[in-house]
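Dear colleague,

Please find the structure below, handed over for your records.

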Amino acid sequence: MAFDVGRFDYGAYGRSGFGRKDIEAARRQGASEYQLRQLYQRAGQSGVRRSGRHAQEIQRNAPRPEWNYGGHGYWGFGMKDVNAIGDLATVKRHRDWAQQNRLNIGPGVGDWITEQEIAAIPDVPIPPAPEPVALPGSQTGQANVGAGYNSLGIRTKVGSDLATGGTKKAFGRDKKKKDMIAAQLSINPLT
């Protein structure tokens, strides 16, 4: 678990106040340099003495962010910070800084960023589907059988009204011109 600035006990290490032993203990517990600055700030808010040389060194040398991570909500970066900032680019920049400095990132921050990124994607219109191309004659069965059916497997008697067209209508050739059968069948896109 990450270091929790708000739960640090100043009286558990060394003398009273915020000093060298507190700083060493916080570092052992995983505190970042910025979190040491937050401990210094919290000590001042709580009335804990912080005038020692080591505490002053933290105040001088610890990173100084653009955003006060203890100013809204708790000591990390949470939804109160997000709501106070409001815009996506700034929230992401402050969240990234918080991660780099090992601050706690509150639940909901990642979801808020994802929602804002999705909302920023422009709506792209979906083009209409192309109209189906109607195929002629007995290839789809429309001229001989009816729409939506094909004529495969249908047996008809010669002379009935369904047996019209023959090979000329279906294959675009006459039975009498057998020398061109192979060439016509291979280039006809409907067969």
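**Confidence and findings**

Over residues 138-145, pLDDT stays under 50, and the model has 23 contacts beyond four places in sequence for this stretch. Please bear in mind that this is a predicted model. For the protein chain, the mean pLDDT is 77, with 70% of the residues reaching 70 or more.

The next point concerns a pair of helices. Helix α1 spans residues 20-28 and helix α3 spans residues 53-61; their axes come within 7 Å and cross at roughly 55°. Angles from 35 to 65 degrees fall between the roughly parallel and roughly perpendicular classes, and α1 and α3 are therefore oblique to each other. On the α1 side, the contact is made by R20, I23 and R27, while α3 contributes H54, A55 and I58. Sorted by class, this contact of α1 with α3 comprises three nonpolar residues, one polar residue and two charged residues.

Both helices also take part in the second largest pocket, as each of α1 and α3 supplies at least two residues of its lining. The space in this pocket amounts to about 280 Å³. In total, 14 residues line the second largest pocket, and those nearest its centre are R15, G19, R20, K21 and R49. Helix α1 provides the largest share of the lining, namely three residues. By class, the lining of the second largest pocket holds six charged, six polar and two nonpolar residues.

With kind regards

Conventions. Residues are numbered from 1 along each chain as its sequence is written. This is a predicted model: local features need pLDDT of at least 70, side-chain atom pairs count only at pLDDT 80 or more; totals for chains, interfaces and linings use all residues. Side-chain values use heavy atoms; hydrogens and water are left out. Axes are lines fitted to C-alpha atoms, for helices over the stretch in contact, and angles run from 0 to 180 degrees between N-to-C directions. Helices (H or I, at least four residues) and strands (E, at least two) are DSSP runs, numbered from the N terminus. Angles under 35 degrees count as roughly parallel, over 145 as roughly antiparallel, 65 to 115 as roughly perpendicular and the rest as oblique. Contact means heavy atoms within 4.5 Å. Ala, Val, Leu, Ile, Met, Phe, Trp, Tyr, Cys and Pro count as nonpolar, Asp, Glu, Lys and Arg as charged, and the others, Gly among them, as polar. On a 1 Å grid over the protein atoms alone, a cavity is a set of points where a 1.4 Å probe fits but cannot get out, and a pocket is an open set with protein on both sides within 12 Å along at least five of seven lines; lining residues have an atom within 4 Å of a point. Grid points are joined across faces, edges and corners, and a volume is the space filled by probe spheres set on the points. pLDDT is the predictor's confidence in each residue, from 0 to 100.
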